[in-house]
Amino acid sequence: MADVPVSGSDLTVGERHDARRPLEADLPTQVHVPNPALAPAQPPRLELRGISKSFGGVHVLRDVDLRLGRAEVVGLLGDNGAGKSTLIKIITGIHQPDEGNIWFDGQRVDRLTVQKARALGVETVYQERALADQLPLWRNIFMGRAISGPLGFLRVGAMRRKTEELMGESMGFTSAVLTPDTSVTGLSGGERQGLAIVRALHFQADIIILDEPTMGLSLKETEKLIHFVEGIRAAGKSAIFIDHNIFHVYSVADRIVVLDRGRVAGEFPTSRYSLEELMDIMREIASGGAYTEAERYRAPDGAASGAGPTGSAA
């Protein structure tokens, strides 16, 4: 290979330029690209610290900690009376905690109200579905948030067009039978839940709370609902999936938090625990009120941390 002349002189044999690599002077100006691994971690979308609540001397919640990350689905499980509904009412501003703090995106929020919670991006899809059955889809989508013109007149055409767009892109409604003017009574249970979820996403909800969304749904409709929940995570939003049925939650949740008699009995990443293990754990919690292997949380590679069956080192 011939030597490459530089500034009128030839390089020596030991300084020959490798033709496969450009000279340093030929390199374009490098742009610094930060390493994502070195970037500061973003705070969770929601964090509860030491939340307690009593009604008439009855302790409904005791020192509850709960964290919800970004683009994460957290399953919240527990028997009737475990405190799930009260916890959700605190997150949505309906109830005030007696003790503890609530944080959104790293900022503590005092005296959370329903209006504040909605402004912070919290939306709830209740088991009753909170839809007006006799009204068309477009009215349900824009209920309480109608598009209006500069003179205050409703832009019905714009709302119908946006509803049709959401039906095709977000809800997957491709049937010609369903139009923006179809009443909610023409939808199945899973489609109704999907409508409520899409409505929340359209109005930029960052946290969507699903309160027993599978109640009364068939297996096929439950599968459709799970698809909608996966869409929440895909959109970069977060969800709390409340249910008493672990089968429904396990397939879509990133973590499962188990409440028992007002306390957090355990927190379990679904990537590290099998469904069978979690079922055994929930049986133990239901029978004894506690999980004796609470320190056994698995390492990312699936290996146990060393706690034995009674919670002591094996």
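Trainee: How many bridges join strand 5 to strand 10, and in which sense do the two strands run?
Mentor: In this predicted model, strand 5 covers residues 73–77 and strand 10 covers residues 238–243. Within this pairing, Leu 77 stands opposite Asp 243 in strand 10. The two strands run parallel, and the number of bridges joining them is five.

Trainee: Is strand 5 mostly covered or mostly open, and how many of its residues are buried?
Mentor: Val 73, Gly 75 and Leu 77 point one way from the strand, while Val 74 and Leu 76 point the other way, and all are buried. Strand 5 is therefore described as mostly covered, since a residue counts as buried when its relative accessible area is under 20%. The number of buried residues in strand 5 is five of five.

Trainee: Why is helix 1 said to be largely enclosed by the rest of the structure?
Mentor: Helix 1 spans residues 84–91, and its buried residues are Lys 84, Thr 86, Leu 87, Ile 88, Ile 90 and Ile 91. The helix is followed by Gly 93, which has a positive phi near 85°. Helix 1 is largely enclosed because the buried share of its residues is six of eight.

Trainee: Is Ser 52 buried or exposed, and what does its side chain reach?
Mentor: Ser 52 lies in strand 3, residues 46–55, and it counts as buried because its relative accessibility is 14%, which falls under 20%. Leaving out residues up to four places away in sequence, Ser 52 touches Leu 61, Arg 62, Asp 63, Pro 97, Asp 98 and Glu 99. At 2.9 Å, its side chain reaches the backbone nitrogen of Asp 63.

Trainee: How many residues apart are Lys 53 and Asp 98, whose side chains meet in a salt bridge?
Mentor: Side chains of opposite charge can pair when their charged atoms come close. Here the side chains of Lys 53 and Asp 98 meet at 3.7 Å, N to O, with Lys 53 buried at 11% relative accessible area and Asp 98 partly exposed at 45%.

Trainee: Which residue forms a salt bridge with Glu 123?
Mentor: Glu 123 counts as buried, with a relative accessibility of 11%. The closest N and O atoms of the pair are 3.5 Å apart, and the partner of Glu 123 is Arg 118.

Trainee: What is the N to O distance in the salt bridge between Arg 192 and Asp 133?
Mentor: The pair links distant parts of the chain, with Arg 192 in helix 5 and Asp 133 in the loop between strand 8 and helix 3, 59 residues apart. Arg 192 is buried at 18% relative accessibility, whereas Asp 133 is partly exposed at 32%. Their side chains meet, N to O, at 3.2 Å.

Trainee: What average pLDDT does the protein chain have?
Mentor: The pLDDT stays under 50 over residues 4–31, and it is below 50 over residues 302–314 as well. Across the chain, 75% of the residues score at least 70, and the average pLDDT is 79.

Terms used: Residues numbered from 1 in each chain as written. Predicted model: local features only at pLDDT ≥ 70, side-chain atom pairs only at ≥ 80, totals over all residues. Heavy atoms only, no water. pLDDT = per-residue confidence, 0-100. Contact = heavy atoms within 4.5 Å. Helix = DSSP H or I, 4+ residues; strand = E, 2+ residues; numbered from the N terminus. Buried < 20%, exposed > 50% of the residue type's maximum accessible area, 1.4 Å probe, protein only. Polar contact = N/O pair within 3.5 Å; in protein donor to acceptor, adjacent residues only side chain to side chain. Pairing = 2+ DSSP bridges. Salt bridge = Lys/Arg side-chain N within 4 Å of Asp/Glu carboxyl O.
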